[in-house]
Structure formats: C-alpha cells, structure tokens
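Let's take a friendly walk through a protein structure, one topic at a time. Keep the sequence and the 3D view at hand as you read.

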Amino acid sequence: MIEAELEPISFAYHGTPLEVENNGHSIKAGYAGESTMEIDGTSLKLLQFHFHTPSENHIEGKSYPMETHLVHVDKDGNLAVVAVMFTEGKGNSLISSVVDHMPEEVGKTNKSEQSINVMDMLPENKDCYRFNGSLTTPPCTEGVRWLVMKYTVEVTKEQVAAFKSVMHENNRPVQPCYARPVLK
Ligand SMILES: [Zn+2]
C-alpha cells in the first residue's frame, strides 16, 4: 500500500425512515433523502447499506464476524462502497433497530416510522483505507471504488447470530451486492 497525503473524506449522513429488506442474499436498509459523502471533490449519495456474515474484506489478513457495506453513487453513476467491520462486544442501537425489523421471508420489506441515522453505526474515527480497482478478496463488482474503515465498531454476539440466522453465510457473493435496480 502506498502512503499518500489524502484529502479527508467528509460524511453528511442524515436520518431516514427505517426500511429493511430481505433480498435473498443480504439484509438491506434503503436510504432515502440526500445523505452524502464527499471524496476528492466528488459528492456521492448514499443509496443503501447491507450486511455480510462473516466479513468479505479483510484488514491486514484478519477477518471479522460481520461487515456492512454503505453503497454510494455519484451523478455519473459511479459506485463507491464504504465497508465497516464489526467485532463482538457491546451492542449497537442502530443494529438493534435493523435486527428488530428484518424480515425472515425473502423478498419482504419491513417499514417503520422510526428514523435511523447510519452515523450511529460508524466508528468515531472515520479514516479509511482506499482501494482503486481490484482487491485480493473478490469485490462485489469491478469498477467500484472501495473505502474500508480502519476502525471497527462493536455488536453483540446475539446481533451477529440474528443476522446469520436470516442471511446464512453470505460473504461469498453469488451475485452483485447491489443489483442495478437500485440505481433507477
Ligand atoms: Zn456487499
């Protein structure tokens, strides 16, 4: 990895009504409104976040019990994914809300009046490793810009187990993580 002077990434994520979908390969929460990330002068809109158990990406060779992918798109349709790893520890309130609403049935979406903010799921220090192009572990699709947060967040063993019971082991994507319809 090349050490470089990188512009910090800025995040402007706002609250959104909770909407949790079981799409058959992941548990996905849709993100409405204008929540954005800015990187190198480009603004990207947050579309959705979803989960993998165990992690797809590794940090310095270490795998994690769970990972979330925050999927963003810029005005030209280019995708960028922010990945965050979870370790087992104390609970996370946003994860609790998702767990409480996740449908066991494939193809189902549960909606709630409850507002969530993905900021509540992110580490305080948001420094990222940046990858352009291919990773050693297979990314969801080619041409996606990957940002992997250096710091992890904690979830309980029970929260990981709850995701696993619904998603099974979905760390080896059999289809792209974010199907095209998301972009329409
Ligand atoms: Zn993914």
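Let's begin with the helices. H1 passes H2 in a left-handed crossing. This is a predicted model, and in it helix H1 covers residues 93-101 and packs against H2 at an angle of about 35 degrees. The axes of the two helices are 10 Å apart.

Which residues of H1 and H2 meet? On the H1 side they are Ile95, Ser96, Val98 and Val99, and on the H2 side Gln159, Ala162 and Phe163. Sorted by class, this contact of H1 with H2 has five nonpolar residues, two polar ones and no charged ones.

## The overall plan

Now step back and look at the whole chain. The protein has two helices and eleven strands. Reading from the N terminus, you will find the order β-β-β-β-β-β-β-α-β-β-β-β-α.

How much of the protein counts as buried? The figure is 47% of its 184 residues. The contacts also tell you how the chain folds back on itself: among those with a separation of 6 or more, 66% are between residues 24 or more positions apart.

## A buried histidine

Find His72 in strand E6, which spans residues 66-73. Is His72 buried or exposed? His72 counts as buried, because its relative accessibility is 0%.

The side chain of His72 has polar partners. One is the side chain of Tyr13, joined to His72 by a polar contact of 2.7 Å. Setting aside neighbours within four places in sequence, His72 is in contact with several residues, including Met37, Leu44, Lys45, Leu46 and Asn78.

## A buried valine

Next, look for Val155 in strand E11 (residues 153-155). Val155 counts as buried because its relative accessibility is 0%.

Val155 and Glu88 are 67 residues apart along the chain, yet their C-alpha atoms are separated by 5.2 Å. Not counting residues up to four places away in sequence, Val155 touches Glu88 and others, among them Met66, Phe86, Ile95 and Val160.

## Asparagine in a loop

Asn117 sits in the loop between strand E8 (109-116) and strand E9 (128-131). With 19% relative accessibility, Asn117 counts as buried, because the cut-off for buried is under 20%.

What does Asn117 touch, leaving out residues up to four places away in sequence? The list is Tyr13, His14, Gly15, Tyr31 and Leu94. The C-alpha atoms of Asn117 and Leu94 are separated by 7.6 Å, and these two residues are 23 residues apart along the chain.

The Asn117 side chain also has backbone atoms around it. One of its polar atoms lies 3.4 Å from the backbone oxygen of Tyr13, and a polar atom of this side chain lies 2.9 Å from the backbone nitrogen of Met119.

## Pairs of opposite charge

Side chains of opposite charge can pair when their charged atoms come close. How many salt bridges does the structure hold? There are six.

In one of them, Lys45 pairs with Glu34, and the closest N and O atoms are 3.5 Å apart. Lys45 is in strand E5 (residues 42-52) and Glu34 is in the loop between strand E3 (27-30) and strand E4 (36-39), so this pair ties together parts that are eleven residues apart in sequence. Lys45 counts as partly exposed at 28% relative accessibility, whereas Glu34 is exposed, with a relative accessible area of 55%.

Another salt bridge joins Asp76 and Lys75, with 3.6 Å between the closest N and O atoms. Asp76 is exposed at 56% relative accessibility, and Lys75 is exposed with a relative accessible area of 77%.

Glu88, which you met beside Val155, forms a salt bridge with Lys157, the closest N and O atoms being 4.0 Å apart. This pair links distant parts of the chain, 69 residues apart: Glu88 is in strand E7 (residues 79-88) and Lys157 is in helix H2 (residues 157-167). Glu88 counts as partly exposed at 40% relative accessibility, while Lys157 counts as exposed at 55%.

Conventions: Residues are numbered from 1 along each chain as its sequence is written. This is a predicted model: local features need pLDDT of at least 70, side-chain atom pairs count only at pLDDT 80 or more; totals for chains, interfaces and linings use all residues. Side-chain values use heavy atoms; hydrogens and water are left out. Helices (H or I, at least four residues) and strands (E, at least two) are DSSP runs, numbered from the N terminus. Buried means under 20% relative accessible area, exposed over 50%, partly exposed in between (1.4 Å probe, protein chains only). A polar contact is a pair of N or O atoms within 3.5 Å; within protein, one must be able to donate a hydrogen and the other to accept it, and residues adjacent in sequence count only if both atoms are side-chain atoms. Contact means heavy atoms within 4.5 Å. A salt bridge is a side-chain nitrogen of Lys or Arg within 4 Å of a carboxyl oxygen of Asp or Glu. Axes are lines fitted to C-alpha atoms, for helices over the stretch in contact, and angles run from 0 to 180 degrees between N-to-C directions. A crossing is left-handed if the near helix is turned anticlockwise from the far one by less than a right angle, and right-handed if clockwise. Ala, Val, Leu, Ile, Met, Phe, Trp, Tyr, Cys and Pro count as nonpolar, Asp, Glu, Lys and Arg as charged, and the others, Gly among them, as polar.
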